[in-house]
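Here's a quick walk through one protein model, a few helices and a core at a time. Have the structure open and follow along.

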Amino acid sequence: MSTAIDRRRLLSLAAAIGASAAWGGARAAPSKLKWTERPDLFPHGVASGDPQSDSVILWTRRPPADGKPARLTVEVAEDQAFQRVVATAPAAVSADVGWTTRVLVGGLKPSREYWYRFTDDDGTGSRIGRTLTAPAPDDPREVRFAFVSCQDANAGAMNAWRRMLFEDQQAPADRRLDFVCHLGDFIYEIIWYPEDRARRYDRQVREVARYANGVKFQDMHYPTTLDDYRAVWLGYLKDPDLQDVRAWFPFVNMGDNHEFSWRGYQSIQKFGAEVVWGQTRRVAANQAWFEHQPARVIHKGALNRFDAPKVANVAVTAFDDQGLGQEPGNLAAIGSLTSYRALRFGRHVELILTDQHAYRTEDPGDRPEARPLDAATADFPEFQPQEVTEILDAGRAYAGGKPPAEVRIGDAAIPNFRKDQAPVTMLGATQKAWFLKTLKASSATWKIWGATNGTLEMRCDYQNLPAGLTKKPWPGAGYGDGGGGDWSGCYAERGEIYDFVRDNKIAGFSIISGDRHSFWAGYSAKALPPKAFEPVGLAFITGSISASGMAEALEHGFPKAHPLRPLFLADRANAKPEHAMNMLIRHGVRSALEYTASRDVSKARALSNPDLAPHLKFVDMAGHGYAVVRASAEALETEFVAIERPIERNPAPDGGPLEYRVVHTAKLWKAGERPKLEQRVIEGDPKLSI
Ligand SMILES: [Fe+2]
């Protein structure tokens, strides 16, 4: 999208996103302000967001000292000493927005480094932040950015951030990152209090926040009011590594589920089997997000205000044909913040971000009607028959409009409660129309979809288990599917998007995601064998910054005597188990069993089932860290930087040792051609992930 902003447009744009405006077109001159850094008065640091070629948003938080609200001035300079200041403007803070401020600075030059700081009337100031503008839309230079997700400050350490910062500051200026794309779970709204639970898996539970109005579910606490949501945001933003990284890179942020609710969709929450109507909580979550993430998001407030709609927590019973709850408070709560958007970086990158939770329909696999099927696969962990996911996902559209009357696994059957309903949507009708239009209209070399939830199918070939290993054979018709709830199990809508890419001859289509707490690299394809495998693009999923993943959970929870344990965990004396599940997902049951028996990777890979995962080049269910994308006219390169399990903060300047660094590169293909990924291990050993 065109982003050229003149002064008049700057004001209306700033108002629409709830920021004040500053014009950066002034002739550079030395700062006239007295400034003494007082981090204690700016306890959550500074940040910048959504850079474009001529503008960027700046952020800080300044709670009142001695009960007196501060009046802030923001300065933007071309140098760190503020001798070449190009913008000076007031930056309002008020209790209405939790003492935060956003300033949209326009009139900047493309591809430039800028420095900024906030100062009050007494000359006390924030730390100095650094930001970068995007390359101009016709600039052919390579675009580089990191993508990340899932930082858990309650039971994890932010060593990945320290590593990213270290590497960027060591790099020559022309090899540094242009921005960081955070794909959500920036906070986890569910927190443990140390007195309720001392440890979670390998980690010690740390105090992160207290909820004045929180509700306890099992041993977890969750927020119910704006003050609660603010408390958890501020708890996270106290982290020194997170503050350093926010002060160094501009961020492009998109929330995932945990910014609102673990199992939330629209404004509805679920805790165990209980459904909780959460319209007021959705508004509170949106406001807290708006207050702490500088972003070009449309909301109903004006300058530095968030006008929270008046809603009540009432049942949402009527849904339209796309599954959108029609209760006015549900619509108003969702509508209080629209965060899907696209940002352009030079000639080569269009970053299109979608919201996977505000408009989505309920995961049908999560419905009580589906529970009677659970017993049929109880002996087969983590996966259910793929055909069941497909039937429940597609609803009335299954099999060309001929859904079965019942859903069956072996002897167990339920009525097909989805047979008259529309397919599951993650995006909702309005967002999807916008997304497809934006994708088609983009002239960038690489159309990169920031989807927050992983799109690469996670399945296994339980049908190939050797006879006798389990009491009864696998009851599915074929493959097992492990991706219910994210794009993996959202067959119909995912296929619709990929068909659109193919039919509209869109080349350079690539997806970046988080949420799975694991690293994945591969191809975007509507279907896998025995159906035709026809990839239309690339897809990458980053490991979490710090949140624990499935591998760690299984290390702690998988029964020792379970006959299928060797598929998931290769036990070792005096060491943590190896993660055979990577091999299970990438190569199949025969490879995983062979590896656990012989510990011979070559022998295990020789038994690979080629039909299981032709879409995958890499899977690490135990990986943490971040990913870096480099996009040029010729190729897209994605580097996984995997750190050791972030149990405790590592005080080393580089954040501690790496597990591995792996690069996947694809040359740009023409529409209709198949993309092809090349894999290089640069450092360390990704073990069973290949
Ligand atoms: Fe997460």
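## A helix tucked inside

Let's start with helix 14 (residues 589-598): eight of its ten residues are buried, so the rest of the structure largely encloses it. Keep in mind as you look that this is a predicted model. The buried residues of helix 14 are Val589, Arg590, Ser591, Ala592, Leu593, Glu594, Tyr595 and Thr596.

What sits over them? The cover includes two strands, strand 28 (459-460) and strand 33 (570-572). It also includes helix 12 (565-568), helix 13 (580-586) and helix 15 (601-606). Just past the end of helix 14, Arg599 has a positive phi of about 60°.

Now jump to helix 9 (residues 429-441). Which residues of helix 9 are buried? They are Gln431, Lys432 and Phe435. These residues cover an arc of only 100° around the axis, which means they lie on the same side of helix 9.

The buried residues of helix 9 pack against strand 23 (349-353). On the other side of helix 9, Ala433, Lys437 and Ala441 are exposed.

## Helix 2 and its cover

The buried residues of helix 2 are Asn159, Ala160, Trp161, Arg162, Arg163 and Met164.

Among the elements covering them are strand 11 (143-148), helix 4 (240-248), strand 36 (624-631) and strand 37 (635-643). Met164 also turns up among the contacts of Ala146, which touches Leu177, Val180, Tyr626, Ala627 and Val628 as well, leaving aside residues up to four places away in sequence.

## The nonpolar core

Ala146 is also one of the residues with the most contacts inside the largest nonpolar core, along with Val76, Leu351, Ala580 and Leu584. That core has 191 residues. Helix 3 (residues 226-237) gives the most to this core, with seven residues. Both domain 1 (1-135) and domain 2 (144-557) put at least three residues into this core.

The protein is divided into domain 1 (1-135) and domain 2 (144-557). Taken over C-alpha atoms, the domain centres are 32 Å apart. The contact takes 37 residues from domain 1 and 35 residues from domain 2.

Which elements of domain 1 give two or more residues to the side that touches domain 2? They are helix 1 (7-16), strand 3 (46-49), strand 4 (56-61), strand 7 (100-106) and strand 10 (129-132). The residues on this side of domain 1 split into 18 nonpolar, 14 polar and five charged.

## A stop in a loop

Last, find Ala370 in the loop between strand 23 and strand 24 (384-385). Is Ala370 buried or partly exposed? It takes 20 or more other C-beta atoms within 10 Å to count as buried. Ala370 has 19, so it is partly exposed.

Ala370 touches Pro364, Gly365, Leu392 and Ile414, not counting residues up to four places away in sequence. Asn304 is 66 residues from Ala370 along the chain, and their C-alpha atoms are separated by 46 Å.

Notes
Residues are numbered from 1 along each chain as its sequence is written. This is a predicted model: local features need pLDDT of at least 70, side-chain atom pairs count only at pLDDT 80 or more; totals for chains, interfaces and linings use all residues. A residue is buried if 20 or more other C-beta atoms lie within 10 Å of its own, exposed if 12 or fewer, and partly exposed in between; C-beta atoms are placed from the backbone. Helices (H or I, at least four residues) and strands (E, at least two) are DSSP runs, numbered from the N terminus. The arc is that of the directions from the helix axis to the C-beta atoms. Two residues are in contact if their C-beta atoms, placed from the backbone, lie within 7 Å. Domain bounds come from an automatic or database domain assignment. Ala, Val, Leu, Ile, Met, Phe, Trp, Tyr, Cys and Pro count as nonpolar, Asp, Glu, Lys and Arg as charged, and the others, Gly among them, as polar. A nonpolar core is a set of buried Ala, Val, Leu, Ile, Met, Phe, Trp, Tyr and Cys residues joined through C-beta atoms within 7 Å.
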